[in-house]
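Student: I am new to this structure and would like to know what its labels rest on. Please show it to me, and then let me ask about the terms one by one.

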Amino acid sequence: MNFTGTFWALVPAIVAIVLALITKEVYSSLFIGIIMGALFFTNFNPVAAFEQVVNGGLIKVLSDPYNVGILIFLVVLGAIVALLNKSGGSKAFGEWAAKNIKSKTGALLATWFFGVLIFVDDYFNCLTVGSVMRPVTDKHKISRAKLAYIIDATAAPVCIIAPISSWAAAVTGFVENEDGLDLFMKAIPYNYYAIMTMIFIVATTLLGVNFGKMKKCEEAANNGDLFYGQQVVNRETSYKEESILGPGKVIDLVVPIIALVALCIVGLIYSGGFFAEGEAYHSFVVAFSNADASVGLAMGSMLALILTIIYYLIKRVLSFTNIMSCLTEGFKNMVPAILILTFAWTLKAMIDSLEVKTFIDGIVRSNVTTMGVILPAIIFLLGAGISFATGTSWGTFGILIPIVVYILSAIDPQLMIIGISAAMAGSVFGDHCSPISDTTIMSSAGAQCEHLLHVSTQLPYAGFVAMVSFICYIVAGVARNPILPLIVGVVILLGGLFALKSKAKA
């Protein structure tokens, strides 16, 4: 039986996701999906399947330079976070924030603003925002699930509408025979999922609306249980007294974080050729477009770690022995995220070997011209489904955007732009929700929230925004301008939230 290039190529990922949501155990669920993919690829030859899992899966993804760079970034950032905790910087920042950020609303909006501010890369956003804002949200009894949602919702959804980001570079790379950056810029006003997500966070915060499992998590947090009874690695808050070894001041957190942000940006533009000479030189914007996020983030974070160590030694914040112990502690804290990422990458490798792109390409090309004005809405749903099942928005871009450009560029350029935006928006929605997505995994790690709790609590929130976005794309297919669909979407979004608020009071 032939499993490649057919619907069977998606089955391993679907099984892994369903098992994870049912059993609440992500490691075994991912591994079962990996085994199933290998068996399909080898037509149920057990020896060949085992070799495929090890050689074509685990070894392949762990020897991939891009993946290795991301793992280095994770480990180094874990070490920096451990240093911030041990120095007392996190505790001092939490105390400062408690005095200056007076309410839960202020803490949530501050987290949202910081997430929007760090728009250059989603991986960087997920881990940095969590590290900085955990002391603040803990002080105001905001659940780790809510923190994880805001981190996740200000990662990919912000990057996909930021022209200077690693995501803009990825999207423009999938556009052939067109000005990719120009199309990306024109598509931004039509990216309704990203725009509505930003509005949704602010609106729910100001209105004090929580629903679904998130509401239960917030009620538990008000009673002191930030984790909703879940067991996670390093459950203690960032500023737990017995973990502090230094005299810690706010400046001891601010300096390393500023260094981390600045040096990671420098690393990204360095990898894109900003500091090169001659023909290899690229301008700031072009350098971002050409940036290798893996190399840039790994280099930037390592330089920031070295600078932090030197800074702490000069100020005598921590002894050299305590600083070195933070390196291993930071690595240990990142092990769960690294393991989930490794399994998720391996599952994606199994799906790729089954030629899932061929299957999806055939479906889209055979139906795209018959969809008419509802085409953007259909593309949005396709992007969401593919991204959710495969756990990758970039991979989904690579499938859908070339198809949309190829078919619509000559027929209807305006609909092509809306279709590109719908593909990006749907891909980000699916990636946002998928338990096997890199950014979902890293958001859980950044918030120190149990992974599947984060997935289950954010699904209703992301799903609500996606429903509104779907309606926006139906309107956009008819109106062919970005303003009217946005107005319709905002009205529906706010109307729904006011309805939920009234229902909660009743």
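**Labels and their cut-offs**

Tutor: The side chains of Lys-315 and Asp-252 form a salt bridge, with 3.1 Å from N to O. The pair joins distant parts of the chain, as Lys-315 is in helix 16 and Asp-252 in helix 14, 63 residues apart. This is a predicted model, in which local features need pLDDT of at least 70 and side-chain atom pairs count only at pLDDT 80 or more, while totals for chains, interfaces and linings use all residues. Residues are numbered from 1 along each chain as its sequence is written, and side-chain values use heavy atoms, with hydrogens and water left out.

Student: Why is the contact between Lys-315 and Asp-252 called a salt bridge?

Tutor: The term requires a side-chain nitrogen of Lys or Arg within 4 Å of a carboxyl oxygen of Asp or Glu. The N to O value for Lys-315 and Asp-252 is 3.1 Å, so the pair meets the definition. In general, side chains of opposite charge can pair when their charged atoms come close.

Student: What makes Asp-252 buried and Lys-315 partly exposed?

Tutor: Buried means under 20% relative accessible area, exposed means over 50%, and partly exposed lies in between (1.4 Å probe, protein chains only). Asp-252 has 2%, so Asp-252 is buried. Lys-315 has 37%, so Lys-315 is partly exposed.

Student: How many salt bridges does the rule give?

Tutor: The count is five. One of them joins the side chains of Lys-86 and Glu-329 at 3.4 Å, N to O. Lys-86 is in helix 4 and Glu-329 in helix 17, 243 residues apart, so the bridge links distant parts of the chain. Lys-86 is buried because its relative accessible area is 14%, and Glu-329 is partly exposed because its value is 22%.

Student: What does the salt bridge between Glu-218 and Lys-104 tie together?

Tutor: The side chains of Glu-218 and Lys-104 meet at 3.9 Å, N to O. Glu-218 lies in helix 13 (residues 213-222) and Lys-104 in helix 6 (residues 104-117), so the pair ties together parts that are 114 residues apart in sequence. Glu-218 is buried, with a relative accessible area of 5%, whereas Lys-104 is partly exposed at 25%.

Student: What counts as a helix here, and how many are there?

Tutor: A helix is a DSSP run of H or I with at least four residues, a strand is a run of E with at least two, and both are numbered from the N terminus. The chain has 24 helices and zero strands. Of its 506 residues, 56% are buried.

Student: How do you know which residues Asn-67 touches?

Tutor: Contact means heavy atoms within 4.5 Å. Leaving out residues up to four places away in sequence, Asn-67 touches Val-61 and Trp-345. Asn-67 is in helix 4 (residues 65-87) and is buried because its relative accessible area is 11%. Its side chain reaches the backbone oxygen of Val-61 at 2.9 Å.

Student: Is Val-53 buried or exposed?

Tutor: Val-53 is at 5% relative accessibility, so Val-53 counts as buried. Val-53 is found in helix 3 (residues 46-62). Val-53 touches Ile-34, Ile-35, Ala-38, Leu-58 and Thr-346, not counting residues up to four places away in sequence. Val-53 and Ile-35 are 18 residues apart in sequence, and their C-alpha atoms are 6.9 Å apart.

Student: What makes a set of residues a nonpolar core?

Tutor: The members are buried Ala, Val, Leu, Ile, Met, Phe, Trp, Tyr and Cys residues joined through side-chain atoms within 4.5 Å. The largest such core has 155 residues, of which Tyr-193, Phe-200, Ile-420 and Met-424 touch the most other members. Helix 17 (residues 320-353) gives the most to this core, with 14 residues. Not counting residues up to four places away in sequence, Tyr-193 touches residues including Pro-157, Phe-380 and His-432.

Student: Which residues form the nonpolar patch on the surface?

Tutor: They are Val-266, Tyr-270, Phe-275, Val-295 and Met-299. Patch residues have over 30% relative accessible area and no salt bridge; nonpolar side chains (Val, Leu, Ile, Met, Phe, Trp, Tyr) are joined within 5 Å, and like charges within 9 Å. Met-299, in helix 16, is partly exposed at 34%.

Technical notes:
Areas by Shrake-Rupley, 256 points an atom, 1.4 Å probe, with all protein chains shown as cover. Polar contact = N/O pair within 3.5 Å; in protein donor to acceptor, adjacent residues only side chain to side chain.
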